[in-house]
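Trainee: I would like a close look at one part of this chain, the packing inside it. Please take me through that part and then show me how it sits among its surroundings.

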Amino acid sequence: MYHSKKIGVFISHIFGNYQHLVCQGIIHTAFEYGYTTEIFTSLDGENLGHYAVGEKSILQIPNYDSFDGIIFASDTYISEELRERIRAKLETLSCPIVEVSEFTRLFPSVSMDNNSTAGELTEHMIMIHNASRICYLGCEEESYYSNLRQYAYCEAMERHNRSIGKHDIYSGYYTMDSVKDALSFFCQDGTPDAVICYNDHLALLFMDAVLSGGFRIPEDMAITGCDNLPEGQNIAPMLTTVSFPVNELGTTAVKNLIARIQGRELPSTTRLTAEPLYHQSCGCNLGLQSNPFFFIEEQTSRIDTLKGSIIGSMNMSAALQHITDLDEGINLLEKYICEVEHCTEFYICLYTGWDSASSHILELTDQQDNLFDNNIVQLKLAIKNGKRLPECSYQKKYILPQYLYKASDSSYICIPLFFEEREFGYIVLAYEEKPTDYYFRLGQWQMIISQMLQSICDAKHTGLMVTHLEQIYMKDVLTGFYNKNGFFRHEKQFLDRAIEEDLWLTAFVIDIDGLKAINETYGHEEGDFALQVLGRALNSVTGENDLCSRFSNDEFFVLSLGKEKNEAEALIEQMKSYLKNYNRLSNKKYHISCCCGFACAHPDSGFTRDGILSLFSEAERMMYSEKAQHHNLR
């Protein structure tokens with residue numbers, strides 16, 4: 001049964017290792033206290049260009065009134081704009097909020113001191129290993145955090161009256177050439193006793209350079225890292241580093257949030273401390289020997305999983321690349337979704353009108369703007385425990401239909417679907433036993449599905465424009481009948497039908513009376529109006545078996561199927577009757593009338609377009625004969 005108590009979480013890049021561990025801590029601790037979790041995540045800051053402007057749509061997904069409290073992992077957002085949008089929205093809410101943040105905080109926060117540890121490692125080298133000259137290797141690519149750790153190193157050196165020489169601090173990059181340059185830089189004043197590296201990644205590169213340079217670790221030079229990467233714990237010598245309680249960040253955030261929900265006061269900041277791990281690279285635990293076998297097996301398995309994920313995403317992207325029909329695309333997606341390991345629920349939810357055309361296109365194509373209920377969401381794809389559920393619509397105040405909520409105690413992950421400014425909807429998914437899957441490339445899927453939806457929109461809008469261009473090319477703007485291009489494009493179909501179905505083929509020529517006089521006396525607008533009235537009269541007596549057109553200024557041409565002489569005469573009489581009734585009711589100063597002619601044939605297989613031209617010529621002679629009679633009667 002779905003719990004009535006719920007915690008919302010805003011976090012970016014959920015597939016990152018840090019975010020993954022924080023979310024695990026949040027999900028499991030919340031569940032222990034009787035809460036479920038809804039996680040709203042995005043990919044901000046991934047250099048996606050103008051595509052990424054729609055990430056703000058993440059704010060449209062939650063029903064904020066349903067949350068007992070919210071956790072905001074603000075440090076995970078690279079985009080300051082998106083982070084501040086979320087922060088501004090959260091400020092308007094009345095529910096308790098706890099922030100997971102080391103820096104700028106608006107709400108009571110949980111943070112982790114992950115910088116002062118560089119000072120602890122420096123002191124360890126001084127006090128335990130009697131290191132005299134200690135250098136610091138920083139990272140230019142992550143200068144903000146690197147400088148904070150450098151500051152902690154400098155403070156520790158100052159506390160212990162250790163001087164820092166001009167060749168003791170170097171800021172480099174994650175490349176072998178850069179760390180070799182750093183080694184050369186440090187060694188200008190002799191071999192340092194120890195080097196404190198910004199993180200494990202940099203430390204591992206530097207260890208490679210040091211060993212390649214003929215130095216021994218730690219006998220000639222001790223090295224420390226930070227961040228406790230598995231790679232550093234499965235080499236010889238094992239890397240001295242720092243372990244951060246990331247999972248505990250999520251756990252503590254939930255406990256603090258529940259305390260706030262219960263009305264208890266909290267300190268403005270709850271700080272968790274990292275733990276140094278002293279191993280062989282600094283000279284500690286020299287008797288320990290790491291066995292990398294299991295790590296290699298794990299890494300091999302992980303690489304295989306990532307390869308499969310990437311290839312699967314590539315295959316899915318290729319399969320969906322040219323999709324222009326939503327149902328076809330959704331059916332294809334079902335196959336790929338069923339391959340996601342540990343995923344028990346996967347939903348694609350689309351906003352009403354997600355594929356609506358822009359006002360510009362609607363204006364160009366003379367289309368009416370459909371009115372959409374912005375409070376309705378369509379559940380377009382629903383897969384639960386491997387079974388596809390029916391589509392349905394539901395109120396937007398729930399991220400999923402209520403019947404799914406009532407039957408579930410899942411913690412859900414929500415990610416928006418968008419392309420630039422266009423907001424399509426969102427994906428919702430859940431995993432067995434409530435973990436988040438670190439290996440599933442949710443970010444790739446988000447973009448692939450969003451691009452498919454955008455392609456469907458583009459195809460629809462292009463179709464509208466193509467139809468509009470065809471109308472311009474083939475239709476008479478004044479009457480809506482075919483022009484010469486449209487008539488010639490369809491006449492063969494009429495001829496083929498007449499031959500195949502053994503039908504009479506009749507050509508009509510209709511000419512409005514006195515158009516020149518109407519134009520000269522009352523103006524061309526009135527002349528156009530008279531032509532439109534005649535067009536309506538003709539339209540009232542013709543149907544799908546009649547090909548109506550207006551070629552020239554005052555003549556209409558009709559090619560008709562299945563009408564013999566008496567039926568053709570009846571059509572003309574009905575049209576003239578329409579005009580008589582119109583004139584009787586009209587307040588115009590002129591009457592609208594016409595002259596007509598027709599010719600019939602029963603075509604066989606040898607009948608060609610020339611035969612149609614002959615019919616129209618005969619019909620035109622009949623029309624002019626009637627016009628001459630009208631002239632003689634005046």
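Predicted model: local features only at pLDDT ≥ 70, side-chain atom pairs only at ≥ 80, totals over all residues.

Mentor: Leaving aside residues up to four places away in sequence, Phe 206 touches Leu 137, Val 179, Ala 182, Leu 183, Phe 186, Val 195, Cys 197, Met 221 and Ile 223. Phe 206 belongs to the largest nonpolar core, which has 98 residues; within that core, Phe 206 and Leu 333 touch the most other members. The element that gives the most to this core is helix H12, residues 442-474, with eight residues. There is also a second, separate core of 34 residues, and among its members are Leu 93, Phe 107, Cys 349 and Tyr 405. As a general point, nonpolar side chains tend to be buried together in soluble globular proteins.

Take E3, residues 69-72, which is covered on both faces. Gly 69 and Ile 71 are buried on one side, and Ile 70 and Phe 72 are buried on the other. In a regular strand, side chains alternate between the two faces of the sheet. The neighbours of E3 include strand E1, residues 6-12, which pairs with E3 in the parallel sense over four bridges. In that pairing, Ile 7 has Gly 69 as its bridge partner. Strand E4, residues 97-100, also pairs with E3 in the parallel sense, over three bridges. Here the bridge partner of Phe 72 is Glu 99. With helix H2, residues 80-91, the strands E3 and E4 make a right-handed β-α-β unit.

A helix can show another arrangement. In H14, residues 515-522, the buried residues are Leu 515, Ile 518 and Asn 519. Viewed down the axis of H14, these buried residues fall within an arc of 100°, so they line one face of the helix. Lys 516, Glu 520 and Thr 521 are exposed on the other side of H14. The cover over the buried residues of H14 includes strand E19 (505-512) and helix H15 (524-541). Just after H14 comes Gly 523, with a positive phi of about 105°.

The chain has 17 helices and 22 strands. Of its 634 residues, 50% are buried. Among contacts with a separation of 6 or more, 73% are between residues 24 or more positions apart.

How values were computed
Residues numbered from 1 in each chain as written. Heavy atoms only, no water. Buried < 20%, exposed > 50% of the residue type's maximum accessible area, 1.4 Å probe, protein only. Helix = DSSP H or I, 4+ residues; strand = E, 2+ residues; numbered from the N terminus. Arc of directions from axis to C-beta. Contact = heavy atoms within 4.5 Å. Pairing = 2+ DSSP bridges. Right-handed = clockwise from strand over helix to strand, strands pointing away. Core = buried A, V, L, I, M, F, W, Y, C linked by side-chain atoms within 4.5 Å.
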